[in-house]
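Student: I would like to go through the terms used for this model and see what each one rests on.
Tutor: Ask about them one by one.

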Amino acid sequence: MGADAKTAMKVEMTDAAAKRIAKILSAEPGKTALRVAVEGGGCSGFSYKFDLVEAANDDDVAIEKDGATILIDDLSLVYMGGSVIDFVDDLMGQSFQIRNPNAVASCGCGTSFSI
């Protein structure tokens, strides 16, 4: 895989996301990471799934920052390459948001997208 391909597959997390993930994990004994996966379905064709997990799988890529770990499996990474995972706390509520440059459309709920 060339340098451009590796850069395109990279996923980042913001400081706000890292802080929130670390806080959530500290309150969940045995859980070590937040798994983010892409699944078929949702309003726009694909949707994101978030789970707290105890351990990584063999095909996971780990993104680590400030004591927080996000795990993404190889297949989901194909759809999420170049994305930024953020945590937003505003008048509309609190949520993890994924800014995905591969998505050509998304839905109002913010968890579904199409490519």
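**Terms and values**

Tutor: Phe50, Phe87 and Phe96 are joined into a cluster by ring pairs. The model is predicted, so local features need pLDDT of at least 70 and side-chain atom pairs pLDDT 80 or more, while totals for chains, interfaces and linings use all residues. Residues are numbered from 1 along each chain as its sequence is written, and side-chain values use heavy atoms, with hydrogens and water left out.

Student: Why is the pair of phenylalanine 46 and tyrosine 79 called tilted?
Tutor: Rings of Phe, Tyr and Trp (its six-membered ring) pair if their centres lie within 6.5 Å; planes under 30 degrees apart are stacked, over 60 edge-to-face, and the rest tilted. Phenylalanine 46 and tyrosine 79 have centres 4.8 Å apart and planes at 40°, so they pair and fall in the tilted class. The structure holds three aromatic pairs.

Student: What does the pair of phenylalanine 46 and tyrosine 79 tie together?
Tutor: Phenylalanine 46 is in strand β3 (residues 46–53) and tyrosine 79 in helix α3, so the pair joins parts 33 residues apart in sequence. Helices (H or I, at least four residues) and strands (E, at least two) are DSSP runs, numbered from the N terminus.

Student: Why does tyrosine 79 count as partly exposed?
Tutor: Buried means under 20% relative accessible area, exposed over 50%, and partly exposed in between (1.4 Å probe, protein chains only). Tyrosine 79 has 24%, so it falls in the middle class.

Student: Are lysine 49 and glutamate 39 buried or partly exposed?
Tutor: Lysine 49 has a relative accessible area of 35% and glutamate 39 has 33%, so both are partly exposed.

Student: Which residues form the salt bridge with an N to O distance of 2.8 Å?
Tutor: Aspartate 60 and arginine 35 form that salt bridge, and both residues are buried.

Conventions: Salt bridge = Lys/Arg side-chain N within 4 Å of Asp/Glu carboxyl O.
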